Amino acid sequence: MDAILGILGKTALLVGGGPDEEWGKPRERAVLATLLVHANETVSTDTLVRWVWPRDKPAPLSPDPTFDTYVARIRRTLARLPFGPRLVAEDGGYRLDVDPSLVDLQQFRRRVDQARDARDPAQVVELIEAALWLWRGLPLADLTTEPAKVWRERVMREDWLAAHLLRVRALLDLGWHEKALGDLDELRADFPDDVGLAELRLTALYHRRRFTEATRYFLTTYHRLRDGGDEHGAQLLSRHHAALAAAHPVPALPEPTLVPRQLPEDIPDFVGRRAELTGLDRVADSGVVLLDGPGGVGKTALAVHWAHRVHARFPDGQVFVNMRGLTARRQVDVAAVVDDMLVALGQPPEPGLGRRQRERLLKVLVADRRILVVLDNVADADQIRPFLALVPSCLVVVTSRRRLTLPSSMAVLRVPVRPLSAESATVLLSVRAFGRIPDAARVSTFCGGLPLLITVLAGQLTGTSPAYVGELVTRLDRRRILAAAGQDGAASRPAESCLTWAYQALAAPERRLFRLLALHPSEDIPAEVAYACDGRTPDETLASLMCLSAAHLLEPSVDLDRFVRHDLLAEFAARCLERDETEGELRAARDRLFDAYVAAARQAAGVACPGYVARHEELAPFADADEALAWFAHERFTLTAVLREAYDEGRDAQVRQLADPVAALLERAGNAVECRTVRQLAVDATRSAGEPAAEAAALRDLGAAHLLLGEQDAAQRCLAAAARMAPADDLRCGHVAVFDQLGQLAMLRDDRVEALTLFRRGLEVAERAGDLAGLCWLHYRIAQVLRVANRVEDALAHLRQAWAVSRQVDERAAEAATLAELGATYRDIGDTSAALAYCEEALAIAETVPDLTAAALICVTLSTIGRESRWFDEAVAYSRRGVELLRGTQDLATHAQVTAAHGDALYRSGEPLEAVLMWQQAADLYEHAGVRVLAMRLRSRSESRRIGTSAPQARAGSPALDAIEPPVPARESDVWT
C-alpha cells in the first residue's frame, strides 16, 4: 500500500494525483508532523509546544485551547484519507494512532531494508532509487525548532546518507565507478567529514586507477579529521587507504584511467560508399588513413560510420578531434590536441608540465595501445605531423579538403572521397525526404552528388507536391544556366544555386538569423549565444532555430540547447552576411555575441579559478568549479576564436576584457600552450592601446605562462620588460611577482648574484606594498641563495622571517617550503635533531596542503638525514613514503629522483638487490622523461653495484657503501634542453 502521510518534505497528504502540501496552515502542518514523528505515542502539550514554536516566537500563554482548535481541523483533514488514522486526546496530550506503513518515512525504511537483503547489486540500486523518490525535500520542512532540527539531522545521517552509501557500494560492485564518484562528490558537500563516504571515494578512485588524486584526497581528509579531533576516524581512513594501496600495485609509468568513447553518433541512414568502406576494412590497426575530398562530400560521415563499424578492433578507445581547418586563423594547435588526448585518457595534464613533458606523457600513455583517432577537417600536414609521431601504435583517420603529403616513413593509406554516384544520390534524397520524390534522379543532380546539399534539399522537399518539385526543377535549371553564362554572381560558386534556393525559401526572420550565425566562429552553437546574436526574445529566436533545423541548415546537437552547423553552410552564410546585412546591424550583432561570451567567461573563471576575482553578480549561473570547467571544455575553442577575431579586427578593449578570464580558465584546465597564446594577444592589445601599466601587467602574465611551459628565455624577456615598464612606485602584488619570477629564472641559470639582487628588489616592493604573502616567499628565496653561498647565519635569519610571516598570513605552502629549507640548512651545519624536527613539521604541512611533489622531496631530505646519521630503517621508511606519495604522478623526472633516493637508502641499509631494482626503475623513468644523462648514470651504477647478497653491510659501516652518493636531481633545464 502506498503511503498517504508524508514528512519527508513538507507535511503532506499523499493522495490522488500527488502530494498536497498546502492542506492547512503552517501551525497545523507542524502539529501533525510532530504527531507523526511520535506516531502511536502520547505527546504532551509541553512537548508539542517545544516542537512547534521556535524560541524566537512567543508560544500561547494557554496552549490547550489553541491545540484543541488545531486538532479539530486536523481531524477533518484526516477524515479525507482512506484507512485514516485516529487522533485522540489522552492524559494531557494527544496520540495519533496510525499504521506505520502509511507514513513515507517508514515506507522508505522498509525499501532500504529490502535493498540490504538483496544480493544483486542492480536490484539494490533499483530499490534504493525507488526509496529515494519518496523524499520531496528536507524532512519536517514545516518545523524549525531545535528538537526538530536534532531529529532531522539524525534522520539525514542514519537514513538518507545510509541509503546513499548502500547505493554507492552497489554501484562500485557493478563497476560503475564514475557514476559512484559523481554521487560521492554530491554527498561530500553535505557530509565532508563522514569516514564512510571518504572510504568509498578512495575505493572508487583506486578502482579507476586515479592514484595521484586518491593520495591527495586521502591526505586532505586524513589531516582534516585529525585537526577536527576525530583521531579514530583518521586511523580508520588510514588503514583503509593502506589496504587499497597494497591491493592496487601502481605501474612504474602512468596509465590511462579512462577508455575514451568520443565518436559522434553514427548516421542511421548511411547510403553508398561500398568501395571506400571495403578499402578501409583492409587497413591495419596502426598507421594513417587520409580521406580527402571537397567540402560537403561526406568525409566526416564516412570516417565516423566506418569507425563505428570497426570499434571492436580498438578496445583501448576511440577519440574524435575537430581540427577546424576551415581557415588558418581557426586551426587547432597540436598542443591542444595533446592536452585533449590526455584528458580523454583520464590523465588531464598537471599544472607545471611543460609542452615536451605533456607530449612524452601522451607517448607513454598510448604506447602499445590500440586506439582509433579521427582527426577531422585538417588544414595541412604540418598541423598534424608532430602529433602522428607521438601515437605510432594508433590508427589515425584524417579528413581534409586538401591532398595532404606525409613522410614516406609513415604507413599511409589514401582514400579519395568523391561525390556520390547518381544512383546513390537518388537513394539518399528519397531516404532523407522520408518518401518517394517525383523525378528524384533529376532533382538529385542539382546537388552534384554532395550529401550535405542532398540533405538540405530533402528538408525542403519533405511532404511537397509533384507540382512544387516541378517548379523547383525549373528554377534550379534556370539558375544553373545563368551561372554558366556568368549572369548570376551569387550562383557562380559550386553548389551555390542549391543553397541559395534553400536560403531564399526561408522567411525573413530565419534568413536573418541564418546569416547572423555566421559570426559564430565554431560549428557548435549554444542556444544562449544564438539568442544574443539574434537580439530578439529567446522564444522568437528559438522558433527560428527550429525552422532552420527543419530545413537542415542547422542540426540539433546531442547536447541539449545546442545546434551544429556544417562548415560549408557556414561559408555560405558568411557570403550571405556580407551581401545582405547592413554594417550597423552587423556591428551590433557582433558586440552582442562578444558580450555574451565575456559575461559567461567571467562567471566561469570566478567560480573555477582561485586567482581570478569576479564581481558577485557574475557567480550565479555555475553551481561549482566542475560545472564551470565542463562549460569551458565545450566552449574553449569558441572563446579563443572569438578572442582572435576581436584581435584581428583591432578591438583592443574587447581583447583585454576577454583575455584575462579565458587565460585563467585555460591555465586552470591545464591548457598551458593555449594560455600562453591568449596572454600574447593581451600584450599586443595593451601595447596597441598605449597603456604602459596594463602592458606591464600583461607581460608579467605572459612571462608566467612561458615559465609554466619551461620556456626560460621567453619568460626572461617578458618579465624583464614588465619590470622596466612598471612605474617605480607601483606597489601592486603583480610587480612583486615579476621580481620573484625573474629571480627564480636567474637561479635556474645558476646566476646567484643576479638572483639575490632581484629577490631583494622584490622584497623592497613587497615591504612598501604590505604584501605579506610576497614577503614570506621572497625571504624564502633569498635564504635559498644565501645557503648555497654558505652564508648560513644570514640564510637562517631570512628563513625565520619567512616562517613568521607565513604563519601570520596562513600561507601553508610557503610555511612548508620554509620549514623544509630550515631543515636542510641545519643539516648542513650538522644539527641533525633540529633538521629532523623542521623537516618532519614541513612534511606534515605539505601533506595537508596537499603538495605531493614538495612532500616527496622533503621525504628525500629526511631519508638523506637518516642515511648520514646511520638510521637506516628511518631512511628507508622516509624514502619509501616519498615514492608512495608520487604513485601515478605525471612528473616522471621528480618520480625518478625520489625512486633513485629510495634505492640509495636501500643500498645503505644493506639491501643491494632491492636497491638495484629501484635504480633501474628510476633509470627507466628518467629515460621516458627525456633525461638520458641521468638514466645512463643510474644504469652504470646498477651494473657496478650488483652484489650477490643482501647482508646489512652498511650497518657495519662498510666504507664502500658509505661512499655512495645519490644521483644529481633533475632540474627543468636538464630535462628539456
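Visitor: At roughly what angle do the axes of α4 and helix α5 (residues 121-132) cross?
Guide: Bear in mind that this is a predicted model. The two axes, of α4 and α5, come within 9 Å. As for the angle where they cross, it's roughly 175 degrees.

Visitor: How are α4 and α5 oriented to each other, roughly?
Guide: The axes of α4 and α5 cross at roughly 175 degrees. Anything over 145 degrees counts as roughly antiparallel. α4 and α5 are therefore roughly antiparallel.

Visitor: By class, how many nonpolar residues does the contact of α4 with α5 have?
Guide: On the α4 side you'll find Phe 108, Arg 111, Val 112, Gln 114 and Ala 115. They meet Val 124, Leu 127, Ile 128, Ala 130, Ala 131 and Leu 132 of α5. Sorted by class, there is one charged residue and one polar one, and the nonpolar count is nine.

Visitor: Is Leu 105 buried or exposed?
Guide: Leu 105 belongs to helix α4 (residues 104-117). Its relative accessibility comes out at 3%, and the cut-off for buried is under 20%. So Leu 105 counts as buried.

Visitor: How far apart are the axes of helix α6 (residues 146-173) and helix α8 (residues 195-207)?
Guide: α6 and α8 pack at an angle of about 15 degrees. That makes the pair roughly parallel, and α6 passes α8 in a left-handed crossing. The distance between their axes is 11 Å.

Visitor: By class, how many charged residues does the contact of α6 with α8 have?
Guide: α6 brings Leu 161, Leu 165, Val 168, Arg 169 and Leu 172. These meet Gly 196, Leu 197, Leu 200, Thr 203 and Ala 204 in α8. By class, that gives seven nonpolar and two polar residues, and the charged count is one.

Visitor: Where is Arg 209 found?
Guide: Most residues other than glycine have a negative phi. Arg 209 is not a glycine, yet its phi is positive at about 60 degrees. With a relative accessible area of 28%, Arg 209 is partly exposed. To find it, go to the loop between α8 and α9 (211-227).

Visitor: Which peptide bond is cis, with omega near -10 degrees?
Guide: Most peptide bonds are trans. For this one, look in the loop between α36 (832-848) and α37 (852-868), where you'll find Pro 850. The cis bond, with omega near -10 degrees, runs from Val 849 to Pro 850.

Visitor: What is the relative accessible area of Glu 523?
Guide: Glu 523 is in the loop between α21 (508-516) and β12 (524-526). Not counting residues up to four places away in sequence, Glu 523 touches Asn 322, Arg 324, Phe 563, Val 564, Arg 565 and Asp 567. Glu 523 is buried, and its relative accessible area is 13%.

Visitor: What separates the C-alpha atoms of Arg 668 and Ala 608, in Å?
Guide: Arg 668 is in helix α27 (residues 652-668) and counts as partly exposed at 37% relative accessibility. Its contacts, aside from neighbours within four places in sequence, are Ala 608, Cys 609, Pro 610, Ala 625 and Leu 629. Arg 668 and Ala 608 are 60 residues apart along the chain, and their C-alpha atoms are separated by 7.5 Å.

Visitor: Stepping back to the chain, what share of its 977 residues count as buried?
Guide: The chain has 43 helices and 14 strands. It exposes about 42,500 Å², with carbon and sulfur atoms supplying 52% of that. Of the 977 residues, the share that counts as buried is 54%.

Methods. Residues are numbered from 1 along each chain as its sequence is written. This is a predicted model: local features need pLDDT of at least 70, side-chain atom pairs count only at pLDDT 80 or more; totals for chains, interfaces and linings use all residues. Side-chain values use heavy atoms; hydrogens and water are left out. Axes are lines fitted to C-alpha atoms, for helices over the stretch in contact, and angles run from 0 to 180 degrees between N-to-C directions. Helices (H or I, at least four residues) and strands (E, at least two) are DSSP runs, numbered from the N terminus. Angles under 35 degrees count as roughly parallel, over 145 as roughly antiparallel, 65 to 115 as roughly perpendicular and the rest as oblique. A crossing is left-handed if the near helix is turned anticlockwise from the far one by less than a right angle, and right-handed if clockwise. Contact means heavy atoms within 4.5 Å. Ala, Val, Leu, Ile, Met, Phe, Trp, Tyr, Cys and Pro count as nonpolar, Asp, Glu, Lys and Arg as charged, and the others, Gly among them, as polar. Buried means under 20% relative accessible area, exposed over 50%, partly exposed in between (1.4 Å probe, protein chains only). Accessible areas come from the Shrake-Rupley method with a 1.4 Å probe; for residues, only the protein chains shown count as cover.
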